Amino acid sequence: QVQLVESGGGLVQAGGSLRLSCAASGRTFSSYAIGWFRQAPGKERDVVAAVMWDGTSTYYADSVKGRFTITRVNTKNTVYLQMNSLKPEDTTVYYCAAYRTSFSNVRSVDQVGSWGQGTQVTVSS
């Protein structure tokens, strides 16, 4: 399985922007659909955005549509999550994930084969 490492989290004021990065190891990175999930303490881990292995299809949760953009650069083994117009309710830990080859539902954590360690995003009012 691939190894995933997130970076780019931090503290910003409401209305600001952050760019998260998910760096993967191995030569098979381009074979995986990649998603970003977030999980607040005591709550379920939910998908924020996802991108297919070839970058031709994307998914966004309703709460982030128009504000977040997921992209991938396979030659760099990296997926990005550009987060604009951040709100305090976006505050939580964000996780990069590689879906299983035969996944059928981008919204389900059961479809994920590999997880990163998470990066904290905090948005102040």
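Predicted model: local features only at pLDDT ≥ 70, side-chain atom pairs only at ≥ 80, totals over all residues.
The points below take up confidence, the nonpolar cores, the disulfide and the backbone in turn.

**Confidence along the chain**
- Within the protein chain, strand β2, covering residues 10-13, has the highest confidence, at 98, whereas the lowest belongs to strand β10, residues 112-115, where the mean is 94.

**Nonpolar cores**
- The largest nonpolar core holds 28 residues, and the members that touch the most others in it are Trp36, Leu81, Met83 and Tyr94.
- Two or more residues of this core come from each of the strands β3 (18-24), β4 (34-39), β5 (46-51), β7 (68-73), β8 (78-83), β9 (92-99) and β11 (119-124), and it is β3 that gives the largest share, with four residues.
- Leucine 81 illustrates the packing here: leaving aside residues up to four places away in sequence, leucine 81 touches Leu18, Arg19, Leu20, Trp36, Ala49, Phe68, Thr69, Ile70 and Tyr94.
- Another core, made up of eight residues, lies apart from the largest one, and its members include Ala33, Val47, Ala50 and Tyr99.

**Disulfide**
- The model contains one disulfide, formed by cysteine 22 and cysteine 96, whose sulfur atoms lie 1.9 Å apart.
- This pair ties together distant parts of the chain, since cysteine 22 sits in strand β3 and cysteine 96 in strand β9, 74 residues apart.
- The link between cysteine 22 and cysteine 96 is left-handed, with -75 degrees about the S-S bond, and both of these cysteines are buried.

**Backbone angles in the loops**
- Most residues other than glycine have a negative phi, which is the background for the two residues that follow.
- Asparagine 77, in the loop between β7 and β8, is a residue other than glycine with a positive phi, near 55 degrees.
- Serine 85, found in the loop between β8 and β9, likewise has a positive phi, of about 50 degrees, although it is not a glycine.

Note on methods. Residues numbered from 1 in each chain as written. Heavy atoms only, no water. pLDDT = per-residue confidence, 0-100. Core = buried A, V, L, I, M, F, W, Y, C linked by side-chain atoms within 4.5 Å. Buried < 20%, exposed > 50% of the residue type's maximum accessible area, 1.4 Å probe, protein only. Contact = heavy atoms within 4.5 Å. Disulfide = S-S within 2.5 Å.
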